[in-house]
Amino acid sequence: MSMENNQSRTVYDDDIVKKFIYAALIWGAAAFAVGLLAATQLAYWQANFNLEWLTFSRIRPLHTNAAIFAFGGNAIFAGIYHSSQRLLKTRLYSDSLSSIHFWGWQLIILAALITLPLGFSQSKEYAELEWPIDIAITVIWVIFAINFFGTIAVRRVKHLYVALWFYIATILTVAVLHVVNSIEIPVSYLQSYPVYAGVQDALVQWWYGHNAVAFFLTTPFLGLMYYYIPKAANRPIYSYRLSIVHFWSLVFIYIWAGPHHLLNSALPDWAQTLGMVFSIMLWAPSWGGMINGLLTLRGAWHKVRTDPIIKFLAVAVTFYGMSTFEGPLLSIKSVNSLAHYTDWIIGHVHGGTLGWNGFLTFGMIYYLVPKLWNTKLYSQRLANNHFWIGFFGILIYYISMWASGITQGLMWQSIDANGQLAYPDFVETVIKIVPLYYARAIGGSLFLIGFILMLINMWKTISLAPKGQDEQQVDMSNITMDEVAGTGHRKLESLGAVFTVLVFIAILVGSIIEIVPTLAIHKYLPDANKVRPYTPLEQAGRDIYVKEGCYTCHSQMIRKLDFDVIRYGEASKLEESMYDRPFQWGSKRTGPDLARVGGKYPDMWHYRHMIDPREITPKSIMPAYPWLDNKKLDYQILRRKLSVMKRLGVPYDDETVANADIIAEKESLELFNALLEQDPSLENIKDTQIIALISYLQSLGKK
Amino acid sequence: MNQSNENDKLMDHDYDGIQELDNPLPGWWLMTFYLSIIFAIGYVMFYYVFGGPNSDQELAASMEKIELRRAAVAVTGGDEKDESVLVALTSDSTKIEAGQKEFLVKCMACHGNQGQGLIGPNLTDEYWIHGDGSITNIIAMVNTGVPEKGMPPWKDLIQPDMIENVALYIYSIKGTNPPGAKPPQGNKIE
């Protein structure tokens with residue numbers, strides 16, 4: 001590395017950091033506002049203004065994607081790019097890659113913002129975006145990776161600091177997760193079927209979903225914590241040894257824990273067991289991060305009272321500790337049987353996202369903006385107010401969701417002395433928690449109001465900053481790479497490539513052991529158990545269910561629990577979803593489970609319920625789907641859809657594939673005629689989407 | 001930890017001014033880690049080595065308990081009332097009102113707000129598809145339903161008392177001839 005000696009001054013690329021900060025602030029506002037809208041809709045369904053684009057099931061994915069990938073993503077990129085340059089004592093590897101990374105990511109977000117409300121969705125949680133956007137994400141992520149690892153390659157510091165270990169784990173694992181979970185076959189420009197079906201899709205998706213939490217919302221933020229806490233508090237890291245042990249145990253164990261999203265389901269017991277025990281073993285490694293963060297603040301505690309940055313950071317780490325204690329708790333099968341599908345999980349998630357990710361990002365940005373713009377924070381008071389308002393917002397959110405989740409969970413479970421459900425009517429359990437939905441919306445509003453104070457503060461700080469500042473030059477003349485490499489882990493820290501390979505191995509072990517056996521599972525189902533594939537019209541209806549995002553409120557998985565079986569019928573079996581692409585087991589029961597809703601009601605009931613749920617179930621909070629009975633169904637494309645399915649192994653015969661459109665049209669006409677006979681005013685609903693949807697709903701549990 | 005003590009623990013690591021201390025792993029933390037690993041091993045051993053029940057067996061066992069409870073009720077609680085007793089109850093307005101309230105929540109969607117019929121048949125006329133329109137008959141009908149025709153079985157969803165109330169209410173609206181009544185279906189019962 002002779003070049004370095006000639007170039008003794010380096011200029012960090014802070015322009016890109018500023019851009020990512022702007023983006024995080026702008027998208028953050030959008031993500032929180034959409035979240036508040038969705039929360040309001042659960043309390044007051046009319047808040048969708050009867051617009052299909054604003055319906056809960058379309059904007060809930062928009063909220064999650066915007067919060068995680070737009071707000072969280074841009075914040076991570078800002079922090080990683082800022083801290084890595086300083087930790088590696090070099091400018092980022094390539095300015096053009098940085099720029100492509102930035103603009104590419106914003107375009108992806110824009111694409112999400114447009115396609116999700118329009119209903120282009122794969123309905124796999126946190127992986128809703130359709131295939132062209134999936135490809136774009138892959139490309140941009142690879143560019144990010146090249147830029148990051150390139151920077152490591154040209155570094156002027158021999159050893160990699162712990163923050164960088166976490167960044168390495170993040171970049172590598174997110175790439176693996178995204179690529180594996182997004183293997184899908186397009187059927188049109190904006191629709192695709194995943195190659196995985198049923199239980200495979202469930203397992204791969206939650207391996208992805210859970211580890212998106214791990215490697216998008218945990219490891220990068222731990223890395224940021226390891227840089228910004230010691231910086232802001234001006235304290236040394238509490239324990240280097242703890243960093244090593246909790247890093248490796250976290251990375252190795254986290255990847256196994258995905259199946260805790262599928263406890264008591266039809267997923268084979270062995271996989272559930274792995275998911276549960278690894279989640280429990282994850283508790284200490286997670287707390288290792290919290291301990292190291294909080295103990296680093298020791299000696300700076302007096303600043304918690306005065307310095308808003310330290311306040312945000314300290315509380316963020318505390319929320320991290322809470323969430324990572326609650327997570328293993330919720331992974332215990334019996335606790336999970338109460339909490340799963342309820343708002344408790346929503347509360348758990350928001351403790352992590354609002355408290356940990358949100359507050360850590362806020363602390364980081366309050367630290368960074370005055371530094372980058374070479375000025376002082378406009379108002380400490382505003383920042384303190386932001387802290388308190390946001391903090392109470394989170395508390396109200398968390399507490400109302402605990403109360404709601406536990407209340408509804410207990411009502412679902414409760415069986416009276418006669419062996420009957422104490423609350424057989426599902427909507428009764430919904431009405432009970434609606435007041436808590438209002439409370440949650442208030443909590444969310446406070447969080448948003450606090451954030452708006454931050455926007456004002458940032459805008460003022462930046463606009464009052466001295467203009468025409470040169471980028472900071474850093475003297476590098478006495479920085480060298482000839483430090484002693486050391487031994488053991490210390491030596492490893494000086495070997496970037498070897499370190500990266502070891503992380504890769506650590507995350508592959510659990511992934512392979514869980515996923516590979518599941519891929520073949522359908523082969524071993526006895527033939528007699530196998531169900532028939534969907535008819536063309538049912539498949540068309542299923543695609544509408546997927547497009548509308550009904551999974552945001554409905555599960556299709558009756559768990560092996562007595563109260564589930566009494567309420568919904570026989571526990572779901574693996575073969576029943578073996579042709580489901582994507583699987584729709586769901587994760588939330590704002591409405592009842594639908595796995596066996598087929599045949600429960602007449603077609604006319606469904607028709608009227610979909611058009612106006614309250615006409616059938618007074619006080620229902622389900623949105624109305626009135627557009628479904630005036631949009632025509634595309635029969636033509638069914639041939640392509642079925643042929644893709646056939647290629648993926650669904651046993652359609654050639655004739656069915658070739659005549660898929662004709663068969664569907666016939667099925668649809670039959671259903672339509674029966675409805676028309678009961679109500680002659682329905683003559684306009686011929687060939688509309690609602691007919692396909694009804695036909696799908698009636699097939700559930702009937703195959 | 002006082003300052004000099006801390007200085008002893010400072011390592012020669014310096015990353016952009018960030019230093020690191022050489023503190024040991026906290027003992028209680030290490031203990032929780034070990035305990036969670038021991039728990040994990042114990043849990044797996046219990047279920048996969050020492051023959052703990054699998055999920056199907058666990059479900060079957062808890063369903064069996066519930067079936068026992070139900071069977072006990074079926075034996076003791078089988079106090080079926082005579083039609084004459086039931087007819088006498090129609091003068092109890094609290095029962096009729098409770099029945100009407102339940103009807104508006106659970107039955108209105110298919111039978112209309114006044115029993116005039118919609119998806120399901122008119123319940124106020126003298127025509128019955130099933131049985132003779134007696135209260136006993138209505139109760140039986142509501143319990144079992146006709147799932148294949150779109151009338152859900154309500155046995156598990158509504159308490160027996162309440163089913164009785166609803167049946168009393170239906171009996172009480174006979175002949176009210178509400179507006180928009182659905183044309184007769186089934187057999188005329190005098």
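Trainee: Why does the radius of gyration of chain A agree with a compact globule?

Mentor: That radius is taken over C-alpha atoms, and the globule rule is 2.2 Å times the number of residues to the power 0.38. For 703 residues the rule gives a value near 27 Å, so chain A agrees with it at 26 Å.

Trainee: And what kind of model are we looking at?

Mentor: Residues are numbered from 1 along each chain as its sequence is written, chains are lettered from A and ligands numbered from 1 in the order in which they are written, and side-chain values use heavy atoms, with hydrogens and water left out. Local features need pLDDT of at least 70 and side-chain atom pairs count only at pLDDT 80 or more, while totals for chains, interfaces and linings use all residues, since this is a predicted model.

Trainee: How does chain B do against the globule rule, and what radius does it have?

Mentor: Its C-alpha atoms fill a box of roughly 100 × 45 × 35 Å along the principal axes. A compact globule of 190 residues would come out near 16 Å, but chain B has 33 Å.

Trainee: How far apart are the centres of the two domains of chain B?

Mentor: Chain B splits into domain 1 (3-49) and domain 2 (60-188), with bounds from an automatic or database domain assignment. Taken over C-alpha atoms, the distance between their centres is 65 Å.

Trainee: In what order do the elements of chain B run?

Mentor: We're counting DSSP runs numbered from the N terminus: helices are H or I with at least four residues, strands are E with at least two. Chain B has eight helices and two strands. From the N terminus on, they go α-α-α-α-α-α-β-α-α-β.

Trainee: Now the A-B interface. How much area do chain A and chain B bury between them?

Mentor: The contact (heavy atoms within 4.5 Å) takes 65 residues from chain A and 53 residues from chain B. Buried area is the accessible area, with a 1.4 Å probe, that two parts lose on being put together, summed over both. Carbon and sulfur atoms give 63% of it here, and the total is about 5,200 Å².

Trainee: Which residue of chain A pairs with B:E6 in a salt bridge?

Mentor: A salt bridge here is a side-chain nitrogen of Lys or Arg within 4 Å of a carboxyl oxygen of Asp or Glu. The rule finds six of them across the interface of chain A and chain B. In one of these, with the closest N and O atoms 2.9 Å apart, the partner of B:E6 is A:R235.

Trainee: How many charged residues does chain A put on the side that touches chain B?

Mentor: Several elements of chain A supply at least two residues each to that side, including helix 3 (56-88), helix 8 (219-233) and helix 9 (240-254). Ala, Val, Leu, Ile, Met, Phe, Trp, Tyr, Cys and Pro count as nonpolar, Asp, Glu, Lys and Arg as charged, and the others, Gly among them, as polar. That side has 37 nonpolar and eleven polar residues, and its charged count is 17.

Trainee: Inside chain A, how much area is buried between domain 1 and domain 2?

Mentor: The assignment gives domain 1 (10-464 + 487-514) and domain 2 (533-699), and their centres sit 33 Å apart over C-alpha atoms. The contact takes 65 residues from domain 1 of chain A and 57 residues from domain 2 of chain A. With 62% of it from carbon and sulfur atoms, the buried area is about 5,100 Å².

Trainee: Which residue does A:R58 meet in a salt bridge?

Mentor: The rule finds three salt bridges across the interface of domain 1 and domain 2 of chain A. At 3.1 Å, N to O, A:R58 meets A:E548.

Trainee: How many residues apart are A:D543 and A:K641?

Mentor: These two form a salt bridge, with the closest N and O atoms 2.8 Å apart. The pair links distant parts of the chain, from A:D543 in helix 20 (residues 536-548) to A:K641 in helix 24 (residues 637-647), a separation of 98 residues.
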